[in-house]
Amino acid sequence: MHVEHLLGDESLGLRLLWAKSALLRREINGVTVTDLEDPARFVRPGEAVLSGLVWWTPEAGRDKAERFVSALRDADAAVLLAGEETHGSVPDELIEACSRHGIPVAGVPAHVMFRAVTETVYLQQWGELSRHHALPEYVRGRLSRLVARDAGPQEIVATAFAHLADGAVAHVLTAAGRTVAATAGADVLPAAEAVRVLADGGGVAVPVDSDAASPYERWYLHLPDPAAAPPRLLYEVAALLGRSQASHALLRATAHRAAGELGALLAADEADAVGIEGALRACGLPADGPYRVLAAATGTRAEGMAESALAEVLAGVGAGSAAVGWLPDGTVFAAVPEAATGDVTTTGAGAGAGAGVGVGAGVGLGLALGEVWSRVAACGRPLPLHGGTGSPATDLRDLPRALAEARYALASARSTAPDASLLTDARTLTSLEALLTGVPAQVRAAYTRSVLGPLLDIRGTSAIPLLETLTTFLACDGSWARTAEALHLHVNTVHYRIGRIERLTGRDLSRLTDRLDLWAALLCRTDAGVTGDRRAHSSPSRAR
């Protein structure tokens, strides 16, 4: 199938936005569906790329479009099919980038499902193959019955490949490398290796197209040996897996609603132990503890994605049962029985493995959780995946406290790294500076202005030297001599400036409590609109 043939299919209604005639005659070798800002690792030469444009925003829109389209050019994509539903139309910046890099681009109307485009390409590509290259009728019928009764992917894959004489090896992998299903006898692929295989193009990987799947949950049917099964068979199996995934997504939506009722009880001002116990049982969870509670967010542009990201993280660490839902304020949370978490509760320090992803280290936050969080976060770039967790809840009465810790840690993660993915454990907030990151920005700004008062008037010629002197004085533990040396001032000048600061703020810098108040205000002062980066200053305990 050539690009012009796909664009000419009236049933799809694709709108050509830019292309040169020669580019329209290029053959399409397959389809990749992605909403990654840098999709190069999943795109193969000659593929049509379907994108809902979740990654694009009006802010820095030209730069984002440039990165995306240049990645398609480097991957040698045949055409970009851009969904119009997210933004109402295809952004001009994206069309211009396609023109610069020579990538044909067409708009996909909001009412057209991506699955319809994928089916059109693959059916045309493999439709001329002889019948024995597809699933046998008896296997197709058996698989259809399995899907109708909501069978899982493991049963579907086992049935789909059992009839092949040579016993084809196949895996169903998520973009984060988790093995969802595999044929009997298939070697277990470590998650990191699975991500590498999908990125490097080893074997053959057919995307499982499901309109219910977010970028965090996207599946791939992977065969190490491309010759082990005919292409049309793989497409048929992938289509059945897509139906299975969509069916289970509907069932999971019901579970999310039940978890939402639990979340409302946990977030209430007064704990209702009886109600919480009933809500736990409604979610299929035991009433006794201990539990771990996590909170997650992916940003306002990604409504509905945070719960799928958190569910994929929990699946990746082997959490056999969990309640994942929304709190009344829209935050996504998960309550996980500690007995079901496996590596989630491993003692040790977590470290993010992906670029731009960090994990707060501390007791109770396992390395496995950090690694999985990193891989899952990478699937949704450029959307940041923020998360928070805290100490275990010993019983159901302790769950509201555990949720409060997780929400505070989430707020800290979002404040610390607003544009990068980060998972924070509340128990790592062991310094004043770290603790303040969980306080709402508006509260930090108000506190700074209340405490520092006239010192924040940056229009005054003396305000900046006074702030610099105060910061250095506190960082030097109140040492007049060291402050003077650090600022290259006479010690009398330091005394004069500190005296002015005390008169303006009403604080006595010989008192520890007043010093702490002023230091906390300085740590928050970036949020109050003052020039400077509070992270550039050392805390008193670190300056010795």
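This is a predicted model: local features need pLDDT of at least 70, side-chain atom pairs count only at pLDDT 80 or more; totals for chains, interfaces and linings use all residues.
Figure 1. The C-alpha atom of glycine 499 is separated by 8.9 Å from that of leucine 509, a residue 10 places away along the chain. Helix H18, which spans residues 491-505, also holds arginine 497. Arginine 497 is buried but takes part in no salt bridge, and the nearest side chain of opposite charge, that of glutamate 468, is 5.2 Å away; a salt bridge would require a side-chain nitrogen within 4 Å of a carboxyl oxygen. Leaving aside residues up to four places away in sequence, arginine 497 touches Pro465, Leu466, Thr469 and Leu489.

**Figure 2. Overall composition of the protein.** The protein contains 19 helices and 15 strands, and buried residues account for 52% of its 544 residues. Of the contacts between residues at least 6 apart in sequence, 65% join residues that are at least 24 apart. The structure holds 22 salt bridges, some of which are shown in the views that follow.

Figure 3. Arginine 67 forms a salt bridge with glutamate 37, in which the closest N and O atoms are 2.4 Å apart. This pair links distant parts of the chain, since arginine 67 belongs to helix H3 whereas glutamate 37 sits in the loop between strand E2 (30-33) and E3, 30 residues apart. Arginine 67 is partly exposed, at 44% relative accessibility, while glutamate 37, with a relative accessible area of 9%, is buried. A further salt bridge, with an N to O distance of 2.7 Å, joins the side chains of glutamate 66 and arginine 100. Because glutamate 66 lies in helix H3 and arginine 100 in helix H4 (residues 92-101), the pair ties together parts that are 34 residues apart in sequence. Glutamate 66 is partly exposed at a relative accessible area of 28%, and arginine 100 is likewise partly exposed, at 40%.

Figure 4. In the salt bridge between arginine 401 and aspartate 398, the closest N and O atoms are 2.5 Å apart. Arginine 401 is partly exposed, with a relative accessible area of 28%, whereas aspartate 398 counts as buried at 17% relative accessibility.

Figure 5. Helix H9 (231-267), helix H11 (306-316) and strand E11 (323-326) each contribute at least two lining residues, with H9 supplying the largest share, nine residues. Sorted by class, the lining consists of 16 nonpolar, six polar and four charged residues.

Figure 6. Alanine 60, in the loop between strand E3 (47-51) and helix H3 (61-75), has a phi near 55°, a positive value in a residue other than glycine. Alanine 60 counts as partly exposed, at 46% relative accessibility. Aspartate 477, in the loop between helix H16 (463-475) and helix H17 (480-487), has a phi near 60°, which is also positive in a non-glycine residue. Aspartate 477 is partly exposed, with a relative accessible area of 24%.

Technical notes. Residues are numbered from 1 along each chain as its sequence is written. Side-chain values use heavy atoms; hydrogens and water are left out. Helices (H or I, at least four residues) and strands (E, at least two) are DSSP runs, numbered from the N terminus. Buried means under 20% relative accessible area, exposed over 50%, partly exposed in between (1.4 Å probe, protein chains only). Lys and Arg count as positive and Asp and Glu as negative; His and the chain ends are not counted. Contact means heavy atoms within 4.5 Å. Ala, Val, Leu, Ile, Met, Phe, Trp, Tyr, Cys and Pro count as nonpolar, Asp, Glu, Lys and Arg as charged, and the others, Gly among them, as polar.
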